[in-house]
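Please set the sequence beside the structure before reading on.

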Amino acid sequence: MTPMDLLHLREGAPPPHRTLGWDWRRRFEACAEEVSLELVGLNQTLTQLGLPIEKLFMLELVLAEILNNVVEHAYADRGGGPISLDLSVRDGWIFCTITDQGAPMPNGHLPGARRYTPEEMALGDLPEGGFGWGLIHDMSDLLTYQRDGDLNRVSLGIDLASETI
Amino acid sequence: MEITFEEKQTVAVLHVVPDRIDASVAIQFKDSFRDLIRDWSGPVVLDLQNVVFLDSSGLGAVVAARKLLGAERPLILSGLSPAVDKVMRLTRMNAVFPIHANVDDALATHGNASAA
């Protein structure tokens, strides 16, 4: 199921005619430096397309979190592997699919958001990680995960018209 | 990672030079910060005005920096871009740091410049 199909399911509407969109496909090695370079390049390109800067930041953050999870978890045992990033902008949405060949998500599902109450914590107990999935859920208007054979496929959508948090 | 150190009487101001603190530089950030504050016993202002992008790994590194200073040395943040501010708010880590619009505001509150 593509993110577009999901959107139609959610809204219960027939598929609209697909307005001309913009597509981008990248394939790169799973390492933190590559992820950083890809995100800078993507952000520059999308800025030139005239997309709102607030939404571009949300996209960059959600992609950074998902891609770094691939680097740090999915490929943790094999020290790297390829990541594919497919992105399209159409019908007022940004849709993205991130594909890797690493280990599946724990229990076969997307992890939930972990929330902290730092104001109630002692200094030494403050978390230095575990923020990622909370941010991913906060930043996405649509989010799905599929294990497809040996592939992990995370798809997300950002509604360019939704109110930003 | 390039972080410059500026002594403002009792307060150390650390200016982050690069425009991103992300997973690719989080460890370098921590290492540079640790080296710079090793012999400093007062409050520290971390000037983030150049930083346009902070991810969860970068945030983790800033929290680690806070913990390195211990309870007796405050870590004050200044110059948060809208993107950095959003990450701080959504994770609620803004509750952990005094946050100021710029270095001058931070020094006016936490320094002793007014007594000079």
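A residue counts as buried if 20 or more other C-beta atoms lie within 10 Å of its own, as exposed if 12 or fewer do, and as partly exposed in between, with C-beta atoms placed from the backbone. This is a predicted model, in which local features need pLDDT of at least 70 and side-chain atom pairs count only at pLDDT 80 or more, while totals for chains, interfaces and linings use all residues. Residues are numbered from 1 along each chain as its sequence is written, and chains are lettered from A and ligands numbered from 1 in the order in which they are written. Helices (H or I, at least four residues) and strands (E, at least two) are DSSP runs, numbered from the N terminus.

**Backbone angles in two loops**

- Most residues other than glycine have a negative phi.
- B:Gln9, which is not a glycine, has a positive phi of about 55°; B:Gln9 sits in the loop between β1 and β2 of chain B and counts as exposed because it has 12 C-beta neighbours inside 10 Å.
- A:Asp91 likewise has a positive phi of about 55° without being a glycine; its place is the loop between β2 (82–90) and β3 (93–100) of chain A, and A:Asp91 counts as partly exposed because it has 17 C-beta neighbours inside 10 Å.

**The sheet of chain B**

- Five strands of chain B form an open sheet in the order β1-β2-β4-β6-β7, with mixed pairing, where two strands pair if DSSP finds at least two bridges between them.
- The edge strands, each pairing on one side only, are β1 (3–8) and β7 (99–100) of chain B.
- Strand β4 (residues 44–47) of chain B has B:Val44 and B:Leu46 pointing one way and B:Val45 and B:Asp47 the other way, and all are buried.
- β4(B) pairs in the parallel sense with strand β2 (residues 11–16) of chain B over four bridges, and B:Val45 is the bridge partner of B:Val13.
- β4(B) also pairs in the parallel sense with strand β6 (residues 75–78) of chain B, over four bridges, and here B:Val45 stands opposite B:Ile76.
- β6(B) and β7(B) pair in the parallel sense over two bridges, with B:Ile99 as the bridge partner of B:Leu77.

**Helix packing in chain B**

- Helix α1 (residues 26–37) of chain B packs against α2(B) at an angle of about 20°, with their axes 9 Å apart; axes are lines fitted to C-alpha atoms, for helices over the stretch in contact, and angles run from 0 to 180 degrees between N-to-C directions.
- The two helices are therefore roughly parallel, a description that applies to angles under 35 degrees.
- Residues of α1(B), including B:Phe29 and B:Phe33, meet residues of α2(B), including B:Ala61 and B:Leu68, contact meaning that the C-beta atoms, placed from the backbone, lie within 7 Å.
- The residues of this contact divide into nine nonpolar, three polar and two charged, with Ala, Val, Leu, Ile, Met, Phe, Trp, Tyr, Cys and Pro counted as nonpolar, Asp, Glu, Lys and Arg as charged, and the others, Gly among them, as polar.

**Contact between the chains**

- 23 residues of chain B are in contact with 25 residues of chain A.
- On the side of chain B that touches chain A, α2 (56–69) and α3 (82–90) of chain B each supply at least two residues, and α2(B) gives the most, with eight residues.
- The residues of that side of chain B divide into 12 nonpolar, five polar and six charged.

Note on methods. Contact = placed C-beta atoms within 7 Å. Parallel < 35°, antiparallel > 145°, perpendicular 65-115°, else oblique.
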